[in-house]
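Thanks for coming, everyone. I would like to walk you slowly through one structure today, with an eye to charged side chains and to one helix. Please keep the picture in view while I talk.

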Amino acid sequence: LLSLRYELHLLAYAFRRDANDPDRQHIHERHLPFYYNTYYQKTLHLKFFGMDSIAELVKLVGDAIAMGGPQGAMLEPRLDVGTPLERFIRLAEADRRDRLRRVEVGDETAVLKFQTTTPRPPKPG
């Protein structure tokens, strides 16, 4: 979740800088997969994270990024543009410890349900 947290944070600020338009300061949630692919050349797979919507995915890293705006569907960073990577590491670790504590007391909603990818067998020949 550290990389997701950091990538979404950087994406929100990069989009704002690249758009250079006061009317387009945020990415709408339905456009997030497109811009994520454009900036990082990789697909944002919700199912990998065990989520069904962008809003659910953003809640996983809600200490760094949030959905806001007039319709609650715009990606908004919660940290300053110059936030050092160490801050993201600390947030990820605090979140991990909180989830572990909640799992230990029996909170099933705290369990992450990530999909694991299975490597393809090598082709014969």
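D63 is partly exposed in this predicted model, with a relative accessible area of 28%, and its salt bridge partner R5 is buried, with a relative accessible area of 0%. The closest N and O atoms of D63 and R5 are 2.8 Å apart, although the pair links distant parts of the chain, since D63 sits in the loop between α3 and β2 while R5 belongs to helix α1, 58 residues apart. These two residues are also linked with D95 and R99 in a network of salt bridges, and the structure as a whole holds 11 salt bridges.

Now please look at helix α4, where R97 and E93 lie four residues apart, about one turn of the helix. They form a salt bridge with their closest N and O atoms 2.9 Å apart; R97 counts as exposed at 54% relative accessibility, because exposed means over 50%, whereas E93, at 29%, is partly exposed. In the same helix α4, R101 and D98 are three residues apart, and their side chains meet in a salt bridge at 2.7 Å, N to O.

Finally, which residues of helix α2 are buried? They are L32, Y35 and Y36, and, seen down the axis of α2, they fall within an arc of 105 degrees, so they line one face of the helix. Those buried residues pack against α1, β1, α3 and β3, and just after α2, Q41 takes a positive phi of about 55 degrees.

Note on methods. Residues numbered from 1 in each chain as written. Predicted model: local features only at pLDDT ≥ 70, side-chain atom pairs only at ≥ 80, totals over all residues. Heavy atoms only, no water. Buried < 20%, exposed > 50% of the residue type's maximum accessible area, 1.4 Å probe, protein only. Helix = DSSP H or I, 4+ residues; strand = E, 2+ residues; numbered from the N terminus. Arc of directions from axis to C-beta. Contact = heavy atoms within 4.5 Å. Salt bridge = Lys/Arg side-chain N within 4 Å of Asp/Glu carboxyl O.
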